[in-house]
Amino acid sequence: MLSGIQHFAFCRRQWALIHIEELWQENLLTVQGEIMHERAHGQTVERRGDTLIVRSLPVFSKTLGFSGICDVVEFHRSEDGVPLEGKYGQKGEKYGVRPVEYKRGRPKTGHERADALQLCAQAICLEEMLCTGIEEGDLYYGETKRRVAVPFAEELREEVFALSKEMHELFARGHTPKARQRKGCESCSLKDLCLPKLFTNPSVSAYMAKALEE
């Protein structure tokens, strides 16, 4: 799943528990996020002047091996854009493409990079499907009610491809990484399944060695 790259960038173990072991557990934050996404996915297609807004757009990339759904993709009229005849556009019209991903909270260290990687992966899917280039997208945060523009720089794109390769390798092996206690663990809905504190306790051998020294 394309959305898995956000989990993977933030915590490999969280991603593996969800996508390999198929475990899930709700908390207040995940429910609030789901409600926000339901609102964003309301109307499928909307036209506002020279802008076409498409919600819940299915996308895929054979290169990345990803498929998923974009929250919102905005198509802005542009002579340098791509044609969208048929369901979305009209004959002769061309559009530039701008993906918009909705997030519940606010921009913060760690999450912000993971969010940007997810948005960039969406852009790569859209580029492959529409045979066009996409330079920038937006992250919309619910707490601030503001957008953060994300340029799809080469460094960000390379990281998406590197992470996708690692994800496929771990998935093929069925490997779930060990837990590492970190600041974000307390707010994670999977903390009772992950048990990160269990892995912070000293090993039996370390305990015995310390006891012998004393």
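Biologist: Why does Glu-143 count as partly exposed?

Modeller: Its relative accessibility is 42%. Buried means under 20% relative accessible area, exposed means over 50%, and partly exposed is in between (1.4 Å probe, protein chains only). So 42% puts Glu-143 in the partly exposed class.

Before we go on: this is a predicted model, where local features need pLDDT of at least 70, side-chain atom pairs count only at pLDDT 80 or more, and totals for chains, interfaces and linings use all residues. Residues are numbered from 1 along each chain as its sequence is written, and side-chain values use heavy atoms, with hydrogens and water left out.

Biologist: What makes Glu-143 and Arg-106 a salt bridge?

Modeller: The rule asks for a side-chain nitrogen of Lys or Arg within 4 Å of a carboxyl oxygen of Asp or Glu. Here the closest N and O atoms are 3.1 Å apart, so the pair passes. Glu-143 lies in the loop between strand S5 (136-141) and strand S6 (146-151), and Arg-106 in the loop between strand S4 (94-103) and helix H4 (111-130), so the bridge ties together parts that are 37 residues apart in sequence. Helices (H or I, at least four residues) and strands (E, at least two) are DSSP runs, numbered from the N terminus.

Biologist: How many salt bridges does that rule give?

Modeller: The count is 15. One of them joins Arg-12 and Glu-166 at 3.0 Å, N to O. That pair links distant parts of the chain, with Arg-12 in helix H2 and Glu-166 in helix H5 (residues 154-173), 154 residues apart. Arg-55 and Glu-46 also pair up, at 3.2 Å, and both are buried. Glu-74, Arg-98, Glu-136, Asp-138 and Arg-147 form a linked network.

Biologist: Why is helix H2 called largely enclosed?

Modeller: Because 7 of its 8 residues (12-19) are buried. Among them are Trp-15, Leu-17 and Ile-18. Arg-12 is partly exposed, at 29%.
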